[in-house]
Amino acid sequence: MSRGKSTNNLKRSSENKNPRGDLLIVVEGEQTEYNYFDSLKRELKLSTIKIKVVSANGGDPLEIVNTAYDLYRQKQYDQVFCIFDDDNKPEKYKQALSTAKEHDFESITSIPCFEFWFLLHCCYTTSPFSSYKELRPKLESEMRKEGILRPGENYNKSDKLLYEKLKSNQEKAISHAIKLEQNHPNENGCTKPSTKVHILIDKLQKQKNFE
């Protein structure tokens with residue numbers, strides 16, 4: 001079934017420092033990413049743009065982009081961001097990147113998983129983790145060192161307070177992500193490890209400063 005023509009008329013630019021209008025963020029599930037961006041949205045309390053965070057209910061990368069497109073067809077959002085990782089589905093991941101570009105949506109990717117962004121709140125690393133399962137022990141160890149997790153406490157993907165717990169280390173995470181981009185350019189969205197979450201956070205913070 002055809003998904004319609006490209007939405008190249010979408011009023012969004014990756015260089016836009018002062019976004020306005022309605023912004024759509026589509027994430028994979030109803031826990032980690034949704035809770036994180038919903039908390040960010042509530043903290044920023046932006047008045048010049050309206051942010052809608054939507055879960056694609058655990059869909060694969062391509063399904064996230066298709067969900068974003070369906071929502072865009074219902075309402076012409078000024079900016080659309082699709083949050084996904086490679087999900088160990090390389091073909092679907094590449095299709096998602098291509099389809100998002102066709103619709104003029106911005107892909108905010110993390111490899112191997114969204115939790116890599118959390119790890120950068122604690123330390124800088126270029127270790128090419130193959131999966132969330134491989135990354136999790138390192139994440140828990142570093143989060144305990146930073147006092148984000150208590151001794152013996154495990155990481156919980158459904159913790160609704162993760163954003164608040166990580167917030168004090170956010171600038172460190174952004175700095176680490178920028179350094180990683182410089183050392184391991186991620187122009188095609190496929191570099192391991194990598195994350196582009198800081199790009200979206202920077203855009204929203206600039207908008208807050210602009211108000």
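For the helix pairs, an axis is a line fitted to the C-alpha atoms over the stretch in contact, and the angle between two axes, from 0 to 180 degrees, is taken between their N-to-C directions. Keep in mind that this is a predicted model.

**Two helix pairs**

Take helix α1 (residues 32-44) and helix α8 (residues 197-210): they pack at an angle of about 15°, and their axes are 11 Å apart. Angles under 35 degrees count as roughly parallel, so α1 is roughly parallel to α8. The crossing of α1 past α8 is right-handed. On the α1 side, Y36, F37, L40 and L44 meet V197, L200, I201, L204 and K208 of α8. Sorted by type, the residues of that contact come out as 8 nonpolar, no polar and 1 charged.

Now for the other pair. Helix α2 (residues 61-74) and helix α3 (residues 90-102) pack at about 25°, with 7 Å between their axes. These two are therefore also roughly parallel to each other. From α2, the contact takes in P61, L62, V65 and N66, while α3 brings K92, Y93, Q95, A96, T99 and A100.

| Helix pair | Angle | Distance between axes |
|---|---|---|
| α1 and α8 | about 15° | 11 Å |
| α2 and α3 | about 25° | 7 Å |

Does the length of α5 fit what a helix should span, or where does it end up? Helix α5 (residues 132-145) has 14 residues, so at 1.5 Å a residue it should span 20 Å; its end C-alpha atoms are 20 Å apart, which agrees. Buried in α5 are L135, L139, E140, E142 and M143. The buried residues of this helix pack against α4 (115-119) and α6 (162-166). Just past the end of α5, G147 has a positive phi of about 80°.

**Two single residues**

T67 sits in helix α2. Is T67 buried or exposed? Buried means under 20% relative accessible area, and T67 is at 16%, so it counts as buried. Leaving aside residues up to four places away in sequence, T67 touches V26 and A56.

E171 belongs to helix α7 (residues 170-183). With a relative accessibility of 52%, E171 counts as exposed, the cut-off being over 50%. Between E171 and K94 there are 77 residues in sequence and 30 Å in space, C-alpha to C-alpha.

Most residues other than glycine have a negative phi, and most peptide bonds are trans.

K45 isn't a glycine, yet its phi is positive, about 50°. K45 is exposed, with a relative accessible area of 63%.

D104 is another residue other than glycine with a positive phi, near 65°. D104 lies in the loop between α3 and β4. At 17% relative accessibility, D104 counts as buried.

P112 is in the loop between β4 (106-111) and α4. A cis peptide bond also joins K192 and P193, where omega is about -10°. P193 is in the loop between α7 and β5 (194-195).

Methods
Residues numbered from 1 in each chain as written. Predicted model: local features only at pLDDT ≥ 70, side-chain atom pairs only at ≥ 80, totals over all residues. Heavy atoms only, no water. Helix = DSSP H or I, 4+ residues; strand = E, 2+ residues; numbered from the N terminus. Expected span 1.5 Å × (residues − 1). Buried < 20%, exposed > 50% of the residue type's maximum accessible area, 1.4 Å probe, protein only. Contact = heavy atoms within 4.5 Å. Parallel < 35°, antiparallel > 145°, perpendicular 65-115°, else oblique. Left-handed = near helix turned anticlockwise from the far one by under 90°. Nonpolar A, V, L, I, M, F, W, Y, C, P; charged D, E, K, R; others polar.
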